[in-house]
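Morning, everyone. Please look at the sequence and the structure on the screen, and I'll walk you through them.

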Amino acid sequence: TLYKLCCTQRSMLSRLLTTACRAPTTTSTCANGIRHKICQFSSIPIPVTRVASVLQLKVSGEEQAVQLDGHMKVMTKMMEEHPGFEKAIRNVCKSEWAYELQFVFTAEGFGEWGTSSTRDKVHAQYLSALDACGIQEDEVYGGARVHDEW
């Protein structure tokens, strides 16, 4: 897998992939004249145009999932203020009660999310939602993924 990240992007994903990469890195210029930092894991390129901020946790059952849904819908509305935020996706496994969220951004929007004042408000809402639902923050996995749809 080959990740291409715009050199000017200051996103968490950019830092993660370029600092944690043990494979060779290089730079190249795309057809648009943008310089990209490349971390090569194989010969197939995966351009980063959209990024999903991912949350994964377990809920106790239907009632807690519905309660958390209400809070996440409020949080999603707040995120719509941020340029580059596209959508939220929620998946629930009703046999394991696995609850997963993806907040999808443009790569540029995600890069600016970390320093956004909207992020600060959304994070406060997130912590409040977890507390209201009886979920500890350390029980939630958070990460970033390159996001594509076909």
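Among contacts in the protein between residues at least 6 apart in sequence, what percentage join residues at least 24 apart? It is 70%, where contact means heavy atoms within 4.5 Å.

Some ground rules. This is a predicted model: local features need pLDDT of at least 70, side-chain atom pairs count only at pLDDT 80 or more, and totals for chains, interfaces and linings use all residues. Residues are numbered from 1 along each chain as its sequence is written, and side-chain values use heavy atoms, leaving out hydrogens and water.

Now the elements. The protein has four helices and eight strands. These are DSSP runs, numbered from the N terminus: helices are H or I, at least four residues, and strands are E, at least two. The order along the sequence is β-α-β-β-β-β-α-β-β-α-α-β.

Take strand β5, residues 50-58. It pairs with strand β7, residues 98-106, antiparallel, over nine bridges. Strands pair if DSSP finds at least two bridges between them. There, Q56 stands opposite E100. β5 also pairs with strand β8, residues 141-146, antiparallel, over six bridges. Here A52 stands opposite R145.

Next, the rings. Rings of Phe, Tyr and Trp (its six-membered ring) pair if their centres lie within 6.5 Å; planes under 30 degrees apart are stacked, over 60 edge-to-face, the rest tilted. The count is three aromatic pairs. One of them is F85 with F105: edge-to-face, 5.5 Å centre to centre, 70° between the planes. F85 lies in strand β6 and F105 in strand β7, so the pair ties together parts 20 residues apart in sequence. Ring pairs link F85, F105, F110 and W113 into a cluster.
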